[in-house]
Amino acid sequence: MGQPGLNRRQLLATAGGLTVAGSFGFAALGTGADALASSAGTRVRYWNLFSGGDGSNMIAMLDAFRKANPGIDVKDSTLQWGNPFYTKLAMAAAGNRAPDLGVMHLGRVTGFSPGRLLDPWDVDLLAKYGVRETDFNPALWKRAVIDGKLYALPLDIHVQLCFYRKDVLKKAGLLGADGRIVPVTSADEWFDVLKEAKKATRKGLQTIGLWINDQNFQWWFFVAFYTQLGGTWFNAAHTEVTFDTDKAVQVLEFLRRHVSDGYADPGLGSVGAEQFLNGAPFAWEGNWSVPVYSGAKLDYGATPLPPVFGSQATHAESHAFVLPHQSDRGGATNEAAHRLAAYVVRHAQQWAAGGHIPAYTPTLSTAAYKKLNPQSEYASAMDHQATEPKVWFAGSTGILAQRIGPIVVSSTVGSAGPEAAAGRMKSALTQLLAMKNPMDGRTAAQGGTAA
């Protein structure tokens, strides 16, 4: 099973951007090493996992901060994406060698033992530098709060999208007067759209790229459509599994139909993006593909995943700033870390160029953001995020995706029936609920995730 965003890394990243630069290294990307030679009075050590286009955009924002704040040095280090990053961050925090500022996927924060491996943000300090709770989507902010304290400062949400080729859809009669895809409000309407699009698709191309064999993408798609149906995972106390197998079967049958009706080809593996570049009408991808498609100068659009089950919901995760635990956190360095994070969050127009939706909502109403295309077309996803449950084993590439994702794949490719797959999913959720977090030895019910 491939890692999420493999195509992004194939098309955007360089090999050097994905390596760890030294033991606790200098930045693999950027000008962080220059901080050691600077005479500025305060230094902030900052770890992130941004490579490729994301890395370039982050560096541009850091350089702007350095220019605006010459008294603060930023030593930025780009570490290997995924679980290696989280392992290294946990070891550093546990060993009192943590950086002053870090980045995590918001869904992973609950499992990172907040209060032991993460320190809470000082909301008064954030407000001093222009960032307040009222500047964020309420649901997004609530995800960052654990036991009444803010443990993550959201930078963005990154979402799964329905990319569409306007040239093909125009030929198929599927563009509205506004130049965007015709509205879809049911599964039958969606498959009618695929049927007409297939007629206008060049021979040899699939109708839609779905990352059929990838456990992460298939899990993300499942989360989106299960949320559209109003599906739940656990009770509020995290003592009981409330997963609805009937709703799960509906979603699994929907995903499987793309393959069984001949619109998606499992044999093509992870080449959906390439097919889209070559003329396939649809691709379901993360918003990080925007620079790829825009760079190819395609005439395309992007919307949240279609609301085929009635309610709007598209899978969303979030990059967020965190404060890795330091026994002596405080003083000028801690204040500078707050200042840096607040600055980047407030100046995320550059970040939006990479396809991400800025978490700082005032950015979304600016004329500059509204001119971004297709970003402004899918900005509404901020208001209908489908997220994983707030438990320690969830989050980007986390244990939940590792356990459930392959089951979704087995149903989508047809090696398991939807009913059997739904039953296996519920059993896996039951097992996970009873597991103890290796970070602190507590189950989800003992983890203290009250907002």
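1. Contact here means heavy atoms within 4.5 Å. Among contacts in the protein chain between residues at least 6 apart in sequence, 79% join residues at least 24 apart. The model is predicted, so local features need pLDDT of at least 70 and side-chain atom pairs count only at pLDDT 80 or more, while totals for chains, interfaces and linings use all residues. Residues are numbered from 1 along each chain as its sequence is written, and side-chain values use heavy atoms, with hydrogens and water left out.

2. The protein chain has 18 helices and 15 strands (DSSP runs, numbered from the N terminus: helices are H or I with at least four residues, strands E with at least two). Of its 451 residues, 58% count as buried (under 20% relative accessible area, 1.4 Å probe, protein chains only).

3. Helix 8 (residues 187-199) and helix 10 (residues 245-260) have axes that come within 12 Å and cross at roughly 15° (lines fitted to C-alpha atoms over the stretch in contact, with angles from 0 to 180 degrees between N-to-C directions). Helix 8 is therefore roughly parallel to helix 10 (angles under 35 degrees).

4. Ala-187, Asp-188, Trp-190, Phe-191 and Leu-194 of helix 8 meet Phe-254, Arg-257 and His-258 of helix 10.

5. His-258, in helix 10, is buried, with a relative accessible area of 0%. The His-258 side chain makes a polar contact with that of Trp-190 at 2.9 Å (a pair of N or O atoms within 3.5 Å, one able to donate a hydrogen and the other to accept it within protein; residues adjacent in sequence count only if both atoms are side-chain atoms). Not counting residues up to four places away in sequence, His-258 also touches residues including Ile-208, Tyr-263 and Trp-284.

Methods
Angles under 35 degrees count as roughly parallel, over 145 as roughly antiparallel, 65 to 115 as roughly perpendicular and the rest as oblique. Buried means under 20% relative accessible area, exposed over 50%, partly exposed in between (1.4 Å probe, protein chains only).
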